[in-house]
Amino acid sequence: MPHKTVTESAAGAAESPPAASPKRWWILAIVAVAQLMVVLDATIVNIALPSAQADLGFSDGNRQWIVTAYALAFASLLLLGGRIADLFGRKPAFLIGVAGFAAASALGGAATSFEMLVAARALQGVFGALLAPAALSLLNTTFTDARERATAFSVYGAIAGAGGAVGLLLGGVLTDALDWRWTLYVNVPIALVALTGGWMLLSNHRDAANSKLDVPGTILVAAGLFSVVYGFSNAESHDWGSPLTWGFLLAGGVLLAVFTWWQTRAAHPLLPLRILLDRNRAASFLTVLITGAGMFGVFLFLTYYLQLNLGFSPTKTGVAFLPMVGALMVMAQFGTTVLVPRLGPKVVLPLGFAVATAGMAWLTGIGVGSDYLTSVLPQLIVIGLGLGMVMPPAMQLATGGVAAEDAGVASATVNAMQQVGGSIGTALLSTLAASAATDYLAGRDATSPLVQARASIESYTTAFWWSAGLFAAGAMISFLLFRRGVPEQDPEAAPVVHM
């Protein structure tokens with residue numbers, strides 16, 4: 001880093017007051033509210049699906065599109081949304097994303113047909129792809145002090161990690177107390193809070209105003225991510241041998257490879273490869289991907305077990321996840337502000353993955369006659385502690401040290417990794433669980449309620465073991481890839497947003 005003259009230092013000092021403005025904590029609150037809305041939507045609708053299906057009359061085969069339509073639009077357009085925030089400003093990207101998400105949610109809540117609901121979910125994904133990277137990049141550019149940034153990212157990472165479980169709780173409460181439509185309507189008041197706060201607190205700052213949009217790169221990466229997510233989604237409803245599965249996965253891989261090549265040639269690349277070439281950042285992207293894939297085993301299959309085997313209501317199921325959420329949030333704060341600054345990511349993140357692995361392996365002990373207090377609750381707390389040591393620090397490291405003009409696209413890459421990881425987990429674990437249940441039923445009386453219950457337990461525990469395997473792989477990969485020592489904070493890497 002070049003030495004500064006006294007004049008330059010004075011000029012830098014003149015710009016420092018905005019960094020100490022109390023408004024940055026209000027900005028954190030608004031960003032957290034907006035992020036909660038996006039993360040909730042990944043699971044809040046799931047619990048309401050049976051009610052929506054009965055109301056609108058769509059088939060079991062079409063049911064997955066209520067979830068997939070959102071995932072496809074969100075994952076495909078994330079990098080474009082991140083670059084738009086860099087080029088045209090984070091405030092308009094944030095506000096348009098919030099307003100559009102609320103409007104799409106209201107449309108979905110008022111849906112009178114399956115097609116209308118799917119269209120609304122896809123629109124939610126479009127505006128979510130604009131909102132999510134803008135929100136994360138606002139944190140990256142607003143908090144420049146290392147300790148304050150760690151606190152901000154511990155809050156953001158805890159929401160990203162625990163929001164799925166909160167969505168299950170809120171979805172259950174709204175479905176039981178009101179109607180399935182309120183799992184979508186609830187986004188409107190949340191959005192109004194975020195919209196009002198964003199309008200009052202944020203000012204526009206275009207860090208990449210001199211760049212241009214990489215149109216060929218946008219088309220390549222959007223088509224590539226769409227193909228990958230669509231291929232994995234088809235693996236769940238078809239099988240791995242279907243052309244709709246392997247064909248789209250192959251096409252997605254080719255398109256993403258061509259996109260990577262194009263980024264080395266483009267004058268204004270959509271995803272500058274300098275973002276990926278930092279070793280800690282690349283390791284963090286992989287960490288978020290693996291965590292997204294492994295967490296699916298906790299949320300989906302444990303939800304099935306609690307409701308179908310233990311007889312929990314949707315609301316009680318959501319409450320059952322709260323201890324995990326609490327453990328995750330506590331460890332998120334401790335991990336980002338204390339452990340990583342002292343021990344470094346090469347120690348903390350593999351340790352977190354190891355703890356989560358142990359929790360998932362412990363969870364495989366569930367049986368037909370198990371109960372929540374002894375066979376689920378302690379395991380959930382252990383998993384929450386482990387993931388709290390992984391997800392928030394990984395998000396902080398993935399976006400830390402990025403130049404301000406790249407903050408939006410780096411943030412979008414984090415969200416894309418989490419979304420693609422979730423899609424991989426959905427397809428992989430669902431397929432393995434279904435195969436395990438089928439294998440168990442072979443040669444047994446499939447009409448017996450006890451045999452059916454044991455088959456379902458076999459499917460759940462298979463998914464839990466594979467989730468444990470994913471976390472174990474994450475421990476190994478993070479240990480090998482992260483650099484030794486504590487990451488240094490470059491104060492010039494991400495200038496503060498001018499308020």
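**Close-up 1. V254 and the nonpolar surface patch around V254 in the predicted model.** V254 has a relative accessibility of 47% and therefore counts as partly exposed, since that class lies between the limits of 20% and 50%. This residue is found in helix α11, which covers residues 243–263. Together with W246, L250, V258 and W261, V254 makes a nonpolar surface patch of about 510 Å².

**Close-up 2. The edge-to-face pair of Y70 and F101.** By the rule used for ring pairs, the count comes to nine aromatic pairs. In the pair of Y70 and F101, the ring centres are 6.5 Å apart and the planes stand at 85°, so the pair is edge-to-face. The pair links distant parts of the chain, with Y70 in helix α4 (residues 60–88) and F101 in helix α5 (residues 90–109), 31 residues apart. Y70 counts as buried because its relative accessibility is 4%, and F101, at 0%, also counts as buried. Ring pairs join Y70, F74 and F101 into a cluster.

**Close-up 3. The stacked pair of F226 and Y230.** Here the ring centres of F226 and Y230 lie 5.7 Å apart and the planes meet at 10°, so the pair is stacked. F226 and Y230 are four residues apart in helix α10 (residues 215–237), which means that about one helical turn separates them. F226 is partly exposed, with a relative accessible area of 35%, whereas Y230, at 16% relative accessibility, counts as buried.

**Close-up 4. Lysines over aromatic rings.** The charged end of K91 sits over the ring of W199, at 5.2 Å from the ring centre. K346 lies over the face of F479, 4.8 Å from the centre of that ring.

Notes
Residues numbered from 1 in each chain as written. Predicted model: local features only at pLDDT ≥ 70, side-chain atom pairs only at ≥ 80, totals over all residues. Heavy atoms only, no water. Patch = residues over 30% accessible without salt bridge, like charges linked within 9 Å, V, L, I, M, F, W, Y side chains within 5 Å. Areas by Shrake-Rupley, 256 points an atom, 1.4 Å probe, with all protein chains shown as cover. Salt bridge = Lys/Arg side-chain N within 4 Å of Asp/Glu carboxyl O. Helix = DSSP H or I, 4+ residues; strand = E, 2+ residues; numbered from the N terminus. Buried < 20%, exposed > 50% of the residue type's maximum accessible area, 1.4 Å probe, protein only. Phe/Tyr/Trp six-rings, centres within 6.5 Å; stacked < 30°, edge-to-face > 60°. Lys NZ or Arg CZ within 6 Å of the ring centre and 35° of its normal.
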